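Please read it alongside the sequence and the structure shown here.

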Amino acid sequence: MPVSLIPSFLIYCFVGGITPGPANLCSLGAALRYGQGPALRQWRGLFCGFFLDAMGAVALTWLLGTALNEYVGMLSWLGAAYLLWMAWHMVRSSGTRLDQDPAAPSFRNGLLVQLTNVKVIIFCLTALSGYVLPYSRSPLALLSVGLFLPFTGPVCNLAWLFAGASLQRLFANHRRTVDLVMALSLAVCAASLVMPH
């Protein structure tokens, strides 16, 4: 990638990472509901899932190049189904005590969110095919950008997580409403994945 494209690439990474999406909403929701400690456990899973998505995108981009883009849409349905399941579970478990919630933030939950997060998969594939492939097909160039990508989205997830943790006390008395709003937000994300643009 030419040096002149680095500012554009960094802006792309920031905007892609900070805008609302499944991982950011899960970070916010986990921190609002459970606090910073449990949300950070989930964040570690989000980070590892993002890393695996980025490395998968590196491998696919290197092997298939631009022919891959037409198949990315199929992943949208899987991601949308998982988001709807999370939204349904959030509403269903809203009346349960937090210490009895089977979907409490965990490394595994964070990992699953990222591995089915079509926003992240498309983000990684676009970064590699738009900023690296036009200038180099070198596996080293793809890998170096792929190794950088996990430090973009997950770092932005932390902003959402810490915002949720700071607002936790404020929303403690409105848990059911917060859960419904978060569930509706996830459902909107799911619909946006599969609706034609």
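Gly45 is buried, its relative accessible area being 0%, where buried means under 20% relative accessible area, exposed over 50% and partly exposed in between (1.4 Å probe, protein chains only). The model is a predicted one, in which local features need pLDDT of at least 70 and side-chain atom pairs count only at pLDDT 80 or more, while totals for chains, interfaces and linings use all residues. Residues are numbered from 1 along each chain as its sequence is written, and side-chain values use heavy atoms, with hydrogens and water left out.

Gly45 belongs to helix α3, and its C-alpha lies 6.1 Å from that of Arg108, although 63 residues separate Gly45 and Arg108 in sequence. Helix α3 (residues 36-64) also packs with α6 at an angle of about 45 degrees, their axes being 9 Å apart. That angle makes α3 oblique to α6, since angles under 35 degrees count as roughly parallel, over 145 as roughly antiparallel, 65 to 115 as roughly perpendicular and the rest as oblique.

Across the protein there are nine helices and zero strands, helices being DSSP runs (H or I) of at least four residues and strands (E) of at least two, numbered from the N terminus. Of the 197 residues in the protein, 45% are buried.

Two residues can be set side by side by relative accessible area and location.

| Residue | Relative accessible area | Location |
|---|---|---|
| Gly45 | 0%, buried | helix α3 |
| Tyr135 | 45%, partly exposed | loop between α6 (118-131) and α7 (139-148) |

Definitions and conventions
Axes fitted to C-alpha atoms, helices over the stretch in contact; angles between N-to-C directions.
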